[in-house]
Amino acid sequence: MKIIKNLALGVSFIMSTQLVSAASTGTTLETVSPEADRIALQNFYKKRFPNTELQDYVNGIYAVDADSRTQWEDIEAFPPYEFDVEEGERLFNIAFANGKGYADCFENGGIGIRQNFPYWNKEEGTVKTLEQEINECRESNGEKALKWGKGPIAQISAYMAWTSRGKVFDISIPDGDKKALAAYLDGKKFFYSKRGQLNLSCANCHVQGSNIRIRADLASPALGHTSHFPVFRSKWGELGTLHRRYKGCHQDSRSNPLDMQSETFRNLEFFQTYMSNGLVVNGPGSRK
Amino acid sequence: MKKLIATLATVLATVLANGIFLPTVAVAETFDEAFEMNRAMYGKDHSFSWTGKQYLTTHPEEVEASVEATKENAEDLIVKAKAKNAEVAKVGFEWKLTKGIIADADAAVTTGDYRKALNLAAQAKYHARIGLQQHAYAEQNWQLSVPQ
Amino acid sequence: MRKLTTSMCVTGLVALLATSPASALTVEESIAEGKAVYMGKSRGNCISCHQINDPDANLPGNQGPPMFAMAQRFPDKRILRAQVWDATKNNPISIMPPLGKHWILSEEDIDAVVEYIYQF
């Protein structure tokens with residue numbers, strides 16, 4: 001027995017300082033409390049980055065790392081997504097063959113409404129995202145659906161976000177709607193589950209590992225993740241949607257990734273956006 | 001470089017300050033744990049004893065692959081690997097490289113390299129099995145890193 | 001049970017003292033191979049999270065602890081090997097991929113990378 005005690009592992013001890021306390025509630029449909037989750041996650045970051053204001057989390061890694069913030073502010077002085085917003089506005093205003101347009105499909109003519117997405121659609125019993133409704137608008141007017149990841153759909157989404165800048169996210173889960181709560185829980189579970197050959201959860205990098213280097217890259221905090229999409233990503237050299245990023249991240253865990261706008265990815269967006277309730281829309285954004 | 005030294009010093013200081021140099025090694029309670037511990041420490045084909053009997057740290061899939069390198073045997077193991085991978089895909093935990101490994105195994109059969117095909121099929125089947133294990137574990141333990 | 005585990009560990013120590021890891025490579029070859037595993041993005045990519053005092057280590061990350069005082073921290077090299085093989089054994093939420101358990105690296109590559117980092 002003595003020998004066993006002497007045989008030991010150092011790495012795990014050092015790593016264990018990063019371990020956050022185990023959950024005692026909120027893992028089942030009966031016990032999950034989105035509001036308790038949101039407060040706990042926000043408190044986690046408050047403790048981890050005491051000098052960062054809550055509202056600043058919409059700026060991702062630049063909210064917590066001063067060095068990369070300076071570089072990013074230089075980029076934002078001449079935003080790389082400027083052309084995309086203009087193109088998005090142009091596309092948004094082109095009438096469909098039947099004479100109707102996007103403005104006819106959305107509340108308030110589609111202007112200043114980004115903060116209402118994603119939302120729980122009771123009739124359809126599913127989470128609806130902005131990109132999904134852009135395509136549904138097209139299809140219901142006899143147009144072909146756009147591809148989910150980049151190009152026109154990202155540009156239209158970027159323009160719609162642009163017109164909503166500064167509006168506050170307030171995602172709600174209808175009281176007593178077990179199906180809506182189940183969708184939220186599915187998103188939460190996806191976020192915290194380790195998966196893929198590399199055995200990584202979203203939380204591994206973006207909660208435990210936030211602002212710690214993976215090679216030369218710093219993992220962003222999860223809070224505010226959805227506020228600034230679509231994003232012009234230097235690595236892509238173009239604009240892309242949130243679900244394009246989800247798919248890439250999922251694949252980076254060496255998983256066979258889910259499809260963009262699949263039910264689970266929409267549930268993930270639902271969970272993540274709920275976590276960011278109280279933060280503002282600041283999309284489109286630019287990121288490394 | 002200075003930064004590295006500073007970090008190293010911090011790590012050492014933390015270790016010393018806590019008065020624990022290293023935590024203890026896990027004690028194997030089940031056969032699977034004993035197998036894993038031995039495979040982890042010694043790699044494959046290592047002999048260990050469990051409740052009085054001798055075993056080898058060879059994965060079941062590696063045992064399956066250690067048959068005669070024939071076309072039939074290779075194709076047989078590839079079929080099994082595909083079936084296991086379909087199982088893990090069904091629960092949403094298919095790994096990214098597995099299909100490619102199976103494709104490489106198929107290609108090795110075409111070129112007549114049946115040994116290579118067997119080994120690749122074994123790896124793919126193992127990946128699928130561990131993916132299923134990973135899914136089962138996540139179902140029970142996903143909440144471990146949820147901030148409270 | 002305890003007795004069995006103890007005897008296995010003793011065997012481990014004896015084996016460690018008596019032999020080098022089972023491999024056809026010389027120690028130098030093994031270290032060179034281990035370095036390639038450590039630095040290689042499609043191999044171990046250990047450098048993405050662990051600093052190491054090797055002049056060729058370019059832009060290491062710091063998600064994990066630095067490779068430092070390894071022989072002191074792991075008097076039994078086999079225990080270090082087990083940590084590389086599956087770090088979640090000791091910390092279930094560890095970000096470190098289980099390089100052996102998930103067959104990300106071959107067992108030979110794991111032997112090699114352990115030889116390499118054990119020098120630091």
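**Cavity, binding site and cysteines**

Helix 3 of chain A gives the largest share of the lining of the largest cavity, three residues. Helices here are DSSP runs (H or I, at least four residues; strands are E, at least two), numbered from the N terminus. The model is predicted: local features need pLDDT of at least 70, side-chain atom pairs count only at pLDDT 80 or more, and totals for chains, interfaces and linings use all residues. Residues are numbered from 1 along each chain as its sequence is written, chains are lettered from A and ligands numbered from 1 in the order in which they are written, and side-chain values use heavy atoms, with hydrogens and water left out.

Stay with the cavity. A cavity is a set of points on a 1 Å grid over the protein atoms alone where a 1.4 Å probe fits but cannot get out; lining residues have an atom within 4 Å of a point. Two cavities reach 30 Å³ or more. The largest has a volume of about 40 Å³, the space filled by probe spheres set on the points, which are joined across faces, edges and corners. Helix 3 (34-48), helix 8 (178-192) and helix 11 (263-275) of chain A each supply at least two lining residues. Chain B takes part too: Val146(B) and Pro147(B) are among the lining residues. By class, the lining has seven nonpolar, no polar and two charged residues.

Next, the annotated site. An unreviewed UniProt entry marks Cys202(A), Cys205(A), His206(A) and Cys249(A) as "binding site". They span 48 residues in sequence, yet no two of their C-alpha atoms are more than 11.1 Å apart, so they gather at one spot. Such annotations may be inferred rather than shown by experiment. Cys205(A) sits in helix 9 (residues 202-208). It is buried, at 14% relative accessibility (buried is under 20% relative accessible area, exposed over 50%, partly exposed in between; 1.4 Å probe, protein chains only). Beyond its neighbours within four places in sequence, Cys205(A) contacts Ser210(A), Ile214(A), Ala219(A) and Ile95(C) (heavy atoms within 4.5 Å). Cys249(A) lies in helix 10 (residues 242-252) and is partly exposed, at 34%.

Now the disulfide (a pair of cysteine sulfur atoms within 2.5 Å). There is one over all chains. It joins Cys105(A) to Cys137(A), S to S 2.0 Å. The link is right-handed, with 75° about the S-S bond. Cys105(A) lies in the loop between helix 5 (82-93) and strand 1 (119-121) and Cys137(A) in helix 6 (residues 130-140), so the pair ties together parts 32 residues apart in sequence. Cys137(A) is buried at 2%.

Definitions and conventions: 1 Å grid on protein atoms, 1.4 Å probe; cavity = no way out; pocket = protein on both sides within 12 Å on 5 of 7 lines; lining within 4 Å. Nonpolar A, V, L, I, M, F, W, Y, C, P; charged D, E, K, R; others polar.
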